[in-house]
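Open the model in your viewer and keep the selection tool ready.

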Amino acid sequence: WAREAYCYYAAENGGPLAPLRALMPRCAYFDSAHSILVIGFLEGVNAADAHVRVGPFEGRLAEELGRVLAQVHRTPPPGCFPRELPWVLRPLANGWQASARSRFLARFHGLAAVARALEELRDNWQTNTLIHGDARPENFVFSRPFEVRLVDWELTDVGDAAWDCANVMQYYWGQWASVGTAGPEAWNALAMALRNFWAAYTGADDAAQRLFARATRFTGARIIQSAYEQFVSAGAW
């Protein structure tokens, strides 16, 4: 929890993350010796649950996620973060069979096209942006009145902005995939949600289309990581 506690401290005390103070919950207590972190209670609903209530591709929610993420990425990154790759992009190390996560990832490394794609993403990874690291809709909390908080900052790092975008985008792709026999209506709804998110995130940025292509490729890697997380949670494929 030390990295997350640092983020709260750096935001609450006029430190390098002060521009993000309004997006963070309040840190009530941190005990580094016993790894205890207590944050203030947030009364609200996360974006994934909000989508359950109003529809899986609701454009206004997608726009709000883009707006919040853009604010995170505009914040100058401190120099104290380790600049680590997401685990799904790391090469398989010696002795990988000992780890359930590595054994899962090895299934995808066994597919030549996927292995090449993961290698290209790893080789093109950038370390020039403050990223949340786990910007899934579940970590965006909507509170009254009209406030948004971003929680779970333990994976915050200096890395690739496209990875944070992929964390959001994989949610919408997952919703589309869960439809089963998705027709044109579901496809158009997915496309609209992604457009709304991207427009709020990039504004009129001339490089937006190129970044969107990168974020889409990273989304594929994030879907693999999400599949493992669901596998661990459910205990089955």
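Select Phe 140, Tyr 172 and Phe 197: they have the most contacts inside the largest nonpolar core, a set of 62 residues. Such a core joins buried Ala, Val, Leu, Ile, Met, Phe, Trp, Tyr and Cys residues through side-chain atoms within 4.5 Å; buried means under 20% relative accessible area with a 1.4 Å probe, protein chains only. Now colour helix H6 (residues 161-178), which gives this core its largest share, 9 residues. Helices are DSSP runs of H or I, at least four residues, and strands are E runs of at least two, numbered from the N terminus.

This is a predicted model: local features need pLDDT of at least 70, side-chain atom pairs count only at pLDDT 80 or more, and totals for chains, interfaces and linings use all residues. Residues are numbered from 1 along each chain as its sequence is written, and side-chain values use heavy atoms, leaving out hydrogens and water.

Zoom to Phe 197. Not counting residues up to four places away in sequence, Phe 197 touches Ala 62, Glu 63, Leu 65, Gly 66, Leu 69, Cys 165, Val 168 and Met 169 (heavy atoms within 4.5 Å).

**Largest pocket**

Next, select Val 45, Ala 50, Leu 61, Phe 142 and Ser 143, which lie nearest the centre of the largest pocket among its 17 lining residues. A pocket is an open set of 1 Å grid points where a 1.4 Å probe fits, with protein on both sides within 12 Å along at least five of seven lines; lining residues have an atom within 4 Å of a point. The lining holds 8 nonpolar, 2 polar and 7 charged residues.

Note on methods: Ala, Val, Leu, Ile, Met, Phe, Trp, Tyr, Cys and Pro count as nonpolar, Asp, Glu, Lys and Arg as charged, and the others, Gly among them, as polar. Buried means under 20% relative accessible area, exposed over 50%, partly exposed in between (1.4 Å probe, protein chains only).
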